[in-house]
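Here is a short briefing on charged side-chain pairs. Start with the sequence and structure below.

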Amino acid sequence: MSYHYPLYGYWRYDPTIIDEWNAVILPPAPELKSIYVDPKSTALLILDMENSICNKHRCIASIPRIKSLLTKARQAGMLVVYSLTHTGNISDINQQLSPYTTDPIVKSNVDKFYETDLEDILRKHHIQNVIITGYAANGAVLHTAVAAAFRGYHVAVPVDGMSAANLYPEQYTAWHLLNSPGSRDRAVLTRTDLISIPNRLQVM
């Protein structure tokens with residue numbers, strides 16, 4: 001960016017982030033946390049896993065990992081909430097992740113709290129913690145996770161259960177969640193196999 005100093009008769013040039021883009025040094029990779037989940041106060045969110053958009057390698061590869069987490073959540077009797085894009089429909093949700101007829105489904109743009117009853121659903125079930133998975137990392141996952149943190153929920157995002165069209169949006173999302181003032185004190189990064197959910201027999 002150029003500035004003119006008429007009193008001194010010269011121009012000053014300050015580089016912007018665009019000018020210095022290739023000089024940026026990557027921060028170290030964050031540590032993934034092992035977490036133990038209380039199924040009574042935790043909800044699993046499966047966001048926008050629609051075949052029409054989850055059709056690239058990284059998203060397809062996340063499906064069995066989310067499925068494994070979904071199975072554990074079902075066994076523990078956890079609340080599972082699904083979302084659709086604003087033009088999506090239930091029949092487009094990947095078959096491996098199909099919702100039960102009793103599962104709540106919200107429909108919105110990238111922030112799944114926006115103009116939906118998601119917050120009412122979570123409050124009705126006395127939810128304090130959310131595990132957020134889905135597509136896209138830099139879309140529904142990021143914006144819903146930050147919105148949840150703003151509302152006082154503790155947020156866990158398994159990095160193998162979120163995906164984007166390429167690596168950088170996933171990396172940016174991971175960095176943002178742990179460094180943004182809106183989410184850094186309420187978000188953790190984990191992996192689906194690092195999440196322990198006791199089943200019904202263990203809880204009783």
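Arg-58 and Glu-170 form a salt bridge, with their closest N and O atoms 2.6 Å apart. Arg-58 sits in helix α1 and Glu-170 in helix α4 (residues 167-179), so this pair ties together parts 112 residues apart in sequence. The model is predicted. Across the whole structure, a search finds seven salt bridges.

**Accessibility of the Arg-58 pair**
- Arg-58 is partly exposed, at a relative accessible area of 31%.
- Glu-170 is buried, because its relative accessible area of 9% falls under the 20% cut-off.

**The Lys-112 and Asp-48 pair**
- A salt bridge joins the side chains of Lys-112 and Asp-48, at 3.0 Å from N to O.
- Lys-112 belongs to the loop between β6 (105-107) and α2 (118-124), and Asp-48 to the loop between β4 (42-47) and α1 (57-75), so the contact ties together parts 64 residues apart in sequence.
- Lys-112 and Asp-48 are both buried.

**The Arg-74 and Asp-103 pair**
- The side chains of Arg-74 and Asp-103 meet in a salt bridge, 2.7 Å from N to O.
- This pair links distant parts of the chain, 29 residues apart. Arg-74 is in helix α1, while Asp-103 is in the loop between β5 (79-84) and β6.
- Arg-74 is buried, as is Asp-103.

Conventions:
Residues are numbered from 1 along each chain as its sequence is written. This is a predicted model: local features need pLDDT of at least 70, side-chain atom pairs count only at pLDDT 80 or more; totals for chains, interfaces and linings use all residues. Side-chain values use heavy atoms; hydrogens and water are left out. A salt bridge is a side-chain nitrogen of Lys or Arg within 4 Å of a carboxyl oxygen of Asp or Glu. Helices (H or I, at least four residues) and strands (E, at least two) are DSSP runs, numbered from the N terminus. Buried means under 20% relative accessible area, exposed over 50%, partly exposed in between (1.4 Å probe, protein chains only).
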